[in-house]
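Welcome! Keep the structure open and try each task before reading on.

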Amino acid sequence: MPAAPLSSPRPAWSWGLAPALLACLAAPAFFVLRVPWLGWVLLALALVGAWIVERPGPRGTDAAARPAADVEVRAGSRIETARLIGIQRPPSLVRDLSLVAAGLLVVSAIPLKAELDDAAILRFAVGLGGAVAVPYLVSRFVYRDRAVRFPWRGGGRWTAFQWTWLVVVLALAWLILPFYFITSGVYTNWPVVDTPELIARLFVGVGTVGIWDELFFICTVFALLRRHFPDWQSNVLQAVVFVSFLWELGYQAWGPLLTIPFALLQGFIFIVTRSLGYVVTVHLLFDAIVFLVLVHAHNPGMLDRLFLV
């Protein structure tokens, strides 16, 4: 089932975009500037702004300020729209931004320095797992709107183009990532992996974080934003959060030149395929090259024949 198959048009521009932008700007405050209090303030302002936008007007509703899907529900097609969108309650910007805020707060509570010891693995498991679990559980059992979903198969069988894109992703990653990691020196943001155990831990860690990226940035942040804004706006907003996290994780120097297009493409692919399974596959193939490049960079001579740099 699609994560957010919106049948109603969403307004091209709305006042709700301002609080949504504030919420997403909390990510660079947390993960790039590393100023927690600024992130907290931005999230608080976002929620207050969303509440102001959604306040009932003189006649009980402010239709101009609400998403078109919400207006349609309130206008009389509540059951049909709810069935198509896959929710039990009309979308609420306050509720949905609160879920984004909850996830960001959980992630920001842990240091994101890439480490491979047992304590770091536990820290990442609790922090990243909580960032996905908390919005999902609150949406399902507190708000009861099932706004957060994980459509594994989505649009059905993969097309020839989708299979071809997987090959293209591997080729691009093989060409670009070694040059980026080695010439910029950012591979040193990841720990040295010079034993079989550390290499195995790196392999699991890179893959696990890659899967989490899609669960949180695409199926949580992006899907929640799509309930209120056009796809392109939602995609740009989720990319702000996605790229900010990757920055603290280690994709620094000129890394955003790679991570920004990657984040936008993942959002676009999710729109087209409606498949968590496919975007995860794309991400894991990309991360497989990341893993090999890190091993190569930390162990000169081990994989020299595999890469050009």
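## Exercise 1: A200

A200 counts as partly exposed, at 40% relative accessibility. Before we go on, note that this is a predicted model, in which local features need pLDDT of at least 70 and side-chain atom pairs count only at pLDDT 80 or more, while totals for chains, interfaces and linings use all residues. Residues are numbered from 1 along each chain as its sequence is written, and side-chain values use heavy atoms, with hydrogens and water left out.

Task: say why A200 gets the class "partly exposed", and find its place in the fold.

Solution. 
- Step 1: Recall the classes: buried means under 20% relative accessible area, exposed over 50%, and partly exposed in between (1.4 Å probe, protein chains only).
- Step 2: The relative accessibility of A200 is 40%, so A200 is partly exposed.
- Step 3: A200 sits in helix α7, which spans residues 196-226. Helices (H or I, at least four residues) and strands (E, at least two) are DSSP runs, numbered from the N terminus.

## Exercise 2: The whole protein

Task: describe the protein by its elements, its burial and its surface.

Solution. 
- Step 1: Count the elements: there are ten helices and zero strands.
- Step 2: Read them from the N terminus, and the order is α-α-α-α-α-α-α-α-α-α.
- Step 3: Of the 309 residues, 49% are buried.
- Step 4: The accessible surface is about 14,400 Å², and carbon and sulfur atoms hold 70% of it. Such areas come from the Shrake-Rupley method with a 1.4 Å probe; for residues, only the protein chains shown count as cover.
- Step 5: Among contacts (heavy atoms within 4.5 Å) with a separation of 6 or more, 76% join residues 24 or more positions apart.

## Exercise 3: Helices α1 and α2

Task: work out how α1 and α2 are oriented, and which residues join them.

Solution. 
- Step 1: Two packed helices are described by the angle between their axes and the distance between the axes.
- Step 2: The axes of α1 (residues 17-31) and α2 (residues 36-54) cross at roughly 170° and come within 8 Å. Here axes are lines fitted to C-alpha atoms, for helices over the stretch in contact, and angles run from 0 to 180 degrees between N-to-C directions.
- Step 3: That makes α1 roughly antiparallel to α2. Angles under 35 degrees count as roughly parallel, over 145 as roughly antiparallel, 65 to 115 as roughly perpendicular and the rest as oblique.
- Step 4: The residues that meet include P19, L22 and A23 in α1 and P36, L38 and W40 in α2.
- Step 5: By class, this contact has 16 nonpolar, two polar and no charged residues. Ala, Val, Leu, Ile, Met, Phe, Trp, Tyr, Cys and Pro count as nonpolar, Asp, Glu, Lys and Arg as charged, and the others, Gly among them, as polar.

Now look at A23 in α1.
- Step 6: At 1% relative accessibility, A23 is buried.
- Step 7: Beyond its neighbours within four places in sequence, A23 touches L43, A46, L97 and L104.
- Step 8: The C-alpha atoms of A23 and A101 are 6.8 Å apart, although 78 residues separate them along the chain.

## Exercise 4: Helices α4 and α5

Task: describe the packing of α4 and α5.

Solution. 
- Step 1: Helix α4 (residues 93-108) packs on helix α5 (residues 118-143) at an angle of about 155°, with the axes 7 Å apart.
- Step 2: The two helices are therefore roughly antiparallel.
- Step 3: Their crossing is right-handed; a crossing is left-handed if the near helix is turned anticlockwise from the far one by less than a right angle, and right-handed if clockwise.
- Step 4: Among the residues in this contact are R95, S98 and L99 of α4, together with G127, L128 and Y143 of α5.
- Step 5: The contact holds ten nonpolar, five polar and one charged residues.

## Exercise 5: T273 and Q162

Task: which residues does T273 contact, leaving aside its neighbours within four places in sequence?

Solution. 
- Step 1: T273 lies in helix α9, residues 256-273.
- Step 2: With a relative accessible area of 9%, T273 is buried.
- Step 3: The contacts of T273 are G154, G155, Q162 and Y278.
- Step 4: Turn to Q162, in helix α6, which is buried at 10% relative accessibility.
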